[in-house]
Amino acid sequence: MTVEPLDQTRGDSTPFLDGARTAALSRNEVAALCMKAARGAGMSWGLAEEAGFAAAWLVQHGFDGPRYLHAHLAEAQGRAWSDLCPTVAPGEWRAPEGRTLCPVSLGATLCDHATLAEGLAEGCPLRIGPVDHPVLLVPFLATIAGAADIRIELEWADGSVCIGGDPGDLAGAMDGLAGSAALSLTARPGPARAPAAAASPPIDADTIAALNALAMRTTVPPSEASRAGAGSTASDND
């Protein structure tokens with residue numbers, strides 16, 4: 001019988017017990033898997049790390065971050081990530097014509113924008129969008145609200161939620177942020193209230209498999225040359 005060399009680029013170690021179709025992943029596991037999947041989808045390593053943060057934050061607060069991130073990565077396939085980054089202008093941030101903004105890139109840009117908190121604190125709304133799966137923007141807004149000790153009112157056509165307001169309001173708003181929407185951000189006086197941690201939701205096996213498939217793109221497939229050069233050429237005899 002011929003034994004094939006172990007291919008490290010195939011399969012995954014996600015524990016599905018007794019044929020279960022879901023798995024419970026820790027925050028660190030979600031962050032690592034989603035970071036690699038985002039990188040495999042073409043994001044830079046820095047932006048992919050932000051994607052892992054966003055998905056893990058959502059899981060920590062009881063929401064299916066991996067599912068939202070995979071939906072966004074699938075929607076964005078075939079487009080240059082640079083085309084999904086915001087063009088910054090006073091009072092309005094938009095994507096190039098006919099595009100939707102990447103919520104991860106947008107969130108990272110908002111966090112890095114030195115005058116954001118000051119501008120929002122003046123009560124002037126910042127119009128953004130449209131944004132793809134803006135639910136992934138929420139973790140970044142929560143970070144901004146906590147750092148600046150403000151509440152950020154997030155509005156879209158069919159609803160609104162105050163990030164840093166009553167933590168219980170967040171759950172009812174998430175479904176309305178799962179597609180794409182034009183948004184308006186307005187700061188309100190603090191103090192900010194951090195959303196309470198919640199039980200991590202079970203992650204669907206299909207979502208994990210799809211993310212693993214993207215993550216595998218970051219590995220180098222084995223070749224005859226790599227296999228031939230593997231291992232030490234030195235003798236192990238003393």
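Reply: A residue counts as buried when its relative accessible area is under 20%, and as partly exposed when the value lies between that limit and 50%. The model is predicted, and with that in mind the cut-off can be applied to Phe-140, which counts as buried because its relative accessibility is 1%. Phe-53, by contrast, has a relative accessible area of 25% and is therefore partly exposed.

These residues form the 1 aromatic pair that a search of the whole structure finds. The ring centres of Phe-53 and Phe-140 are 5.4 Å apart and the ring planes stand at 65°, so the arrangement is edge-to-face. Because Phe-53 belongs to helix 2 (residues 45-60) and Phe-140 to helix 6 (residues 138-148), the pair ties together parts that are 87 residues apart in sequence.

Phe-53 also takes part in the contact between helix 2 and helix 1. Helix 1 (residues 27-40) packs against helix 2 at an angle of about 145°, with 7 Å between the axes, and the crossing is right-handed. On the side of helix 1 the contact residues include Val-30, Ala-31, Cys-34 and Met-35, while helix 2 contributes, among them, Trp-45, Ala-48, Gly-52, Phe-53 and Trp-57.

How values were computed
Residues are numbered from 1 along each chain as its sequence is written. This is a predicted model: local features need pLDDT of at least 70, side-chain atom pairs count only at pLDDT 80 or more; totals for chains, interfaces and linings use all residues. Side-chain values use heavy atoms; hydrogens and water are left out. Rings of Phe, Tyr and Trp (its six-membered ring) pair if their centres lie within 6.5 Å; planes under 30 degrees apart count as stacked, over 60 as edge-to-face and the rest as tilted. Helices (H or I, at least four residues) and strands (E, at least two) are DSSP runs, numbered from the N terminus. Buried means under 20% relative accessible area, exposed over 50%, partly exposed in between (1.4 Å probe, protein chains only). Axes are lines fitted to C-alpha atoms, for helices over the stretch in contact, and angles run from 0 to 180 degrees between N-to-C directions. A crossing is left-handed if the near helix is turned anticlockwise from the far one by less than a right angle, and right-handed if clockwise. Contact means heavy atoms within 4.5 Å.
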